[in-house]
Amino acid sequence: RTEMEGQQGEGPQSTADLSAFVQNLLSQMQSRFQQMSDSIITRIDEMGERIDDLEKSVGDLVQQAEDDVNAPAPEGAVTPAK
């Protein structure tokens, strides 16, 4: 017989113990899932901030490139043929 089968015959006390064990286990699982959820949300927020920074940097580079293209050539500079 398994340990669980032996406990089944013990009556209400074993049922109460099993119920308490299951409640404790579920509580621990809920706590762990909440921790994982919070961690995932924090990482998503951090990634969002990094993406925003990257978009700003790309925008700045594009603006700088446009400014360079549209800037008048200094006097005496040779411009490429178009």
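Is Glu49 buried or exposed? Glu49 counts as exposed, because its relative accessibility is 52%, where exposed means over 50% relative accessible area, buried means under 20% and partly exposed lies in between (1.4 Å probe, protein chains only). Keep in mind that this is a predicted model, in which local features need pLDDT of at least 70, side-chain atom pairs count only at pLDDT 80 or more, and totals for chains, interfaces and linings use all residues. Residues are numbered from 1 along each chain as its sequence is written, and side-chain values use heavy atoms, with hydrogens and water left out.

Let us step back to the whole protein. It has 2 helices and 0 strands; helices (H or I, at least four residues) and strands (E, at least two) are DSSP runs, numbered from the N terminus. Buried residues make up 1% of the 82 residues. The accessible surface comes to about 7800 Å², and 56% of that belongs to carbon and sulfur atoms; such areas come from the Shrake-Rupley method with a 1.4 Å probe, and for residues only the protein chains shown count as cover.

Now follow helix 2, which covers residues 12-70. Leu25 has its place here and counts as partly exposed because its relative accessibility is 37%. Patches are made of residues with over 30% relative accessible area and no salt bridge, with nonpolar side chains (Val, Leu, Ile, Met, Phe, Trp, Tyr) joined within 5 Å and like charges within 9 Å.

Glu49 also lies in helix 2. Along with Asp45, Glu46, Asp52, Asp53 and Glu55, Glu49 forms a negative surface patch. Here Asp and Glu count as negative and Lys and Arg as positive, while His and the chain ends are not counted; the place of a charge is taken as NZ of Lys, CZ of Arg, CG of Asp or CD of Glu.

Finally, look for a charge pair. Side chains of opposite charge can pair when their charged atoms come close. The structure holds 1 salt bridge, meaning a side-chain nitrogen of Lys or Arg within 4 Å of a carboxyl oxygen of Asp or Glu. Lys56 forms it with Asp60, and the closest N and O atoms are 3.0 Å apart. Because they are 4 residues apart in helix 2, Lys56 and Asp60 are separated by about one helical turn.
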